[in-house]
Amino acid sequence: MPSGLETCLPTISNKGELLSDVASDFAAGPEKPASYMGKVTALLYARYCAGEKPLAMVSTDNCSHNGDKLYAAVAAFARAWVENRKADAGF
């Protein structure tokens with residue numbers, strides 16, 4: 001059985017509002033994000049850079065479609081960072 005962290009159970013907000021005030025994080029990249037979602041995505045990017053280690057992110061927010069919202073937020077950061085050449089294209 002592999003060792004190390006395999007699952008993360010974040011609670012981001014009670015409404016799942018994951019993409020407010022993130023334009024500066026999109027432009028700056030994963031080095032020093034200010035938003036909570038930027039910090040979460042930067043940690044996921046660091047894990048990716050350390051060997052593309054898989055991690056199940058299981059949202060525990062009490063809102064409809066919480067997993068979909070978490071996925072969309074991380075994907076938005078990844079897309080922006082790749083487009084701005086702040087992250088590898090594979091991320």
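Q: What makes Tyr45 and Tyr48 separated by about one helical turn?
A: Tyr45 and Tyr48 are 3 residues apart in helix H2 (residues 36-49), so about one helical turn separates them. Helices here are DSSP runs of H or I with at least four residues, strands are runs of E with at least two, and both are numbered from the N terminus. The model is a predicted one, in which local features need pLDDT of at least 70 and side-chain atom pairs count only at pLDDT 80 or more, while totals for chains, interfaces and linings use all residues. Residues are numbered from 1 along each chain as its sequence is written, and side-chain values use heavy atoms, with hydrogens and water left out.

Q: How many aromatic pairs does a search of the whole structure find, and why is the pair of Tyr45 and Tyr48 called stacked?
A: The search finds 5 aromatic pairs. Rings of Phe, Tyr and Trp (its six-membered ring) pair if their centres lie within 6.5 Å, and planes under 30 degrees apart count as stacked, over 60 as edge-to-face and the rest as tilted. The ring centres of Tyr45 and Tyr48 are 5.9 Å apart and their planes are at 20 degrees, so this pair is stacked. Both Tyr45 and Tyr48 are also buried, a term that means under 20% relative accessible area, with exposed meaning over 50% and partly exposed lying in between (1.4 Å probe, protein chains only).

Q: Why is the pair of Phe77 and Trp81 called edge-to-face?
A: The centres of the rings of Phe77 and Trp81 are 5.4 Å apart and their planes are at 70 degrees, so the pair is edge-to-face. Phe77 and Trp81 are 4 residues apart in helix H3 (residues 66-83), so they too are separated by about one helical turn. Ring pairs link Phe26, Phe77 and Trp81 into a cluster.

Q: How do you know whether Phe77 and Trp81 are buried or exposed?
A: Phe77 has a relative accessible area of 0% and is therefore buried. Trp81 is at 0% relative accessibility and so counts as buried.

Q: Which residues touch the most other members of the largest nonpolar core, and what makes a set of residues such a core?
A: A nonpolar core is a set of buried Ala, Val, Leu, Ile, Met, Phe, Trp, Tyr and Cys residues joined through side-chain atoms within 4.5 Å. The largest one has 14 residues, of which Met37, Leu70, Val74, Phe77 and Trp81 touch the most other members. H2 and H3 are the elements that give two or more residues to this core, and the largest share, 6 residues, comes from H2. In soluble globular proteins, nonpolar side chains tend to be buried together.

Q: How do you know that Asp25 has no salt bridge?
A: A salt bridge is a side-chain nitrogen of Lys or Arg within 4 Å of a carboxyl oxygen of Asp or Glu; Lys and Arg count as positive and Asp and Glu as negative, whereas His and the chain ends are not counted. For Asp25, which is buried, the nearest side chain of opposite charge is Lys39, 7.9 Å away, and there is no salt bridge. Asp25 is found in helix H1 (residues 23-28). Leaving aside residues up to four places away in sequence, Asp25 touches Pro33, Ala34, Ser35, Gly38, Phe77 and Trp81, where contact means heavy atoms within 4.5 Å.

Q: Why is Ser35 called buried?
A: Ser35 has a relative accessible area of 12%, so this residue is buried. Ser35 is found in the loop between H1 and H2, and, not counting residues up to four places away in sequence, its contacts are Val22, Asp25 and Phe77.

Q: What makes the disulfide count come to its value?
A: A disulfide is a pair of cysteine sulfur atoms within 2.5 Å, and by this rule the count comes to 0. Cys8 has a relative accessible area of 26% and is therefore partly exposed, and Cys49, with 46%, is partly exposed as well.
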